[in-house]
Amino acid sequence: MAKRMPGRLVALSASAVATIYVAGFLSTQPAAQTVAAEAASSPTSVVTAPTASSTSAPTSTSTSASSTSTYADGAYSATGTSQLGNVTVSVTISNDEISNVQITKVTTKFPLSRIASLPAAVVQSQSASVNVISGATYSSQAFKQAVQQALTQAQAARSAQQ
Amino acid sequence: MTRSLRLFLRTPKGTLLALFVGLFALAATAAGWSAAVPHMLAAVLGASLTELAISRFDRHRLAWPSSAVLSGMIVGFVLGPATPHVITAAVGILASLGKHLFATERWHVFNPAALALLVSVPLFGTGQSWWGGLPDLSWPFALVVIAAGAFVVQRINKFPLVLSFLGVIFGLSALLGRIDPVTASEMFRTPFAQATLFLAMFMLTDPPTAPARYGEQLAIGVFAAAVAVVSEEVGLGQTYLLLGVLAGNGALAVRRRLGLSWSGRQRVFAAFNVVGAELAQH
């Protein structure tokens with residue numbers, strides 16, 4: 001077993017690491033502010049997804065719809081992408097309302113717990129227009145993109161019925 | 001408190017377990033107890049019951065599976081609480097299996113939790129949360145993680161390993177920020193910074209897979225951090241921290257010049273054979 005590292009050396013080394021951290025934090029602050037500003041200014045009701053990298057597919061056929069409804073009932077699955085990974089959701093439409101949203105797969109770095117509140121927010125707001133979560137910007141955007149894709153599927157299914 | 005429990009809590013494993021329970025209490029307040037408790041139980045039970053089963057079939061005396069409990073808790077802390085319990089338990093099982101599958105006569109080669117978490121990404125499509133690092137709480141709670149980690153690191157004498165890892169990962173990230181400022185900026189912020197701290201203090205320092213000599217600690221810390229940063233930059237996504245610690249483990253195994261033993265694998269396969277034979281009888 002090696003000798004114990006002297007306390008002063010530990011403190012000195014830890015101070016050096018802290019200095020490196022602070023220097024890195026401050027030097028990347030402009031980039032972080034830019035990302036935050038982009039997230040804040042991006043439209044939340046219309047998620048402009050790079051469609052070439054998005055995938056979506058209805059997982060069940062619609063069951064009913066009134067003549068004035070927007071969405072066809074059913075469950076729709078879609079995947080939203082970000083530069084840090086994908087988020088797949090399942091959106092259930094019942095009686096023209098978003099009755100349930102479930103995150104079924106996540107491949108972003110720090111995914112589920114950071115965006116776990118978003119499905120409930122979508123159900124509450126009845127749209128993909130939910131706030132981006134600070135610290136989970138990319139995961140949030142991928143989630144919103146996926147929900148929007150699923151809702152588009154539901155709208156298309158409704159249009160097909162009419 | 002019984003004497004044996006007091007003695008256990010004085011050991012590094014006991015100290016770490018006590019600190020993990022404290023971190024869990026804090027993290028669960030943010031994540032929600034109703035989600036956090038069953039999630040953590042699934043991970044711990046998956047890992048510890050597998051460890052007990054392997055010990056049982058290996059004809060070893062059944063003992064409190066403290067290492068497996070810790071591995072299970074790390075799995076639980078890294079996977080998000082919303083992960084399906086079946087998958088969480090499966091990753092816990094993988095942690096205990098991996099410990100025996102990749103083992104020498106004296107040590108396991110890879111950090112069991114890190115290996116299982118890495119395998120679970122392609123196998124189960126799991127994500128990572130690292131909520132045990134308290135990223136869901138305000139930034140002063142990062143100091144709690146640092147204090148708890150420093151206490152354990154001091155006890156197991158791994159400061160050179162941790163400090164070299166943190167210094168290089170933050171230093172390289174700052175330098176690479178000149179090329180890729182967006183990715184670099186994340187490394188210094190929630191929840192990435194907390195994840196890095198949690199990994200450095202509680203996973204990289206796992207005594208069987210961490211070097212003892214200071215020179216080796218410095219070298220492995222630098223190497224693991226470099227692998228993590230490169231993995232991040234080349235787009236390996238959520239696995240970059242795990243790849244870093246596992247690369248460090250592998251480098252140490254090579255350094256020790258020990259080949260993998262078949263004994264660990266034989267134990268696991270023997271256990272499966274016994275279970276299969278018993279099922280066939282029924």
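Analyst: A salt bridge is a side-chain nitrogen of Lys or Arg within 4 Å of a carboxyl oxygen of Asp or Glu. The model examined here is a predicted one. Between chain A and chain B, the count of such bridges is 0. The two chains do touch: 31 residues of chain A are in contact with 43 residues of chain B, and about 3,000 Å² is buried between them, with carbon and sulfur atoms giving 66% of that area. Polar contact is also present, in 7 residue pairs between the chains. On the side of chain A that touches chain B, the residues divide into 18 nonpolar, 8 polar and 5 charged.

Over all chains, the search finds 3 salt bridges. One of them joins Lys99(B) to Glu51(B), with the closest N and O atoms 4.0 Å apart. This pair links distant parts of the chain, since Lys99(B) belongs to helix α5 (residues 85-101) of chain B and Glu51(B) to helix α3 of chain B, 48 residues apart. Helix α3 spans residues 33-57. Both Lys99(B) and Glu51(B) are buried. Glu51(B) counts as buried because its relative accessibility is 10%, and the cut-off for buried is under 20%. Leaving aside neighbours within four places in sequence, Glu51(B) is in contact with Pro65(B), Ala68(B), Ser96(B), Lys99(B) and His100(B).

Glu216(B) takes part in the other bridges described here. Its side chain meets that of Arg213(B) at 3.5 Å, N to O, and that of Arg255(B) at 3.4 Å, N to O. Through shared partners, salt bridges join Arg213(B), Glu216(B) and Arg255(B) into one network.

How accessible are the members of this network? Glu216(B) has 17% relative accessibility and therefore counts as buried. Arg213(B), with a relative accessible area of 55%, is exposed. Arg255(B) is partly exposed because its relative accessibility is 46%.

Note on methods: Residues are numbered from 1 along each chain as its sequence is written. Chains are lettered from A and ligands numbered from 1 in the order in which they are written. This is a predicted model: local features need pLDDT of at least 70, side-chain atom pairs count only at pLDDT 80 or more; totals for chains, interfaces and linings use all residues. Side-chain values use heavy atoms; hydrogens and water are left out. Contact means heavy atoms within 4.5 Å. Buried area is the accessible area (1.4 Å probe) that two parts lose on being put together, summed over both. A polar contact is a pair of N or O atoms within 3.5 Å; within protein, one must be able to donate a hydrogen and the other to accept it, and residues adjacent in sequence count only if both atoms are side-chain atoms. Ala, Val, Leu, Ile, Met, Phe, Trp, Tyr, Cys and Pro count as nonpolar, Asp, Glu, Lys and Arg as charged, and the others, Gly among them, as polar. Helices (H or I, at least four residues) and strands (E, at least two) are DSSP runs, numbered from the N terminus. Buried means under 20% relative accessible area, exposed over 50%, partly exposed in between (1.4 Å probe, protein chains only).
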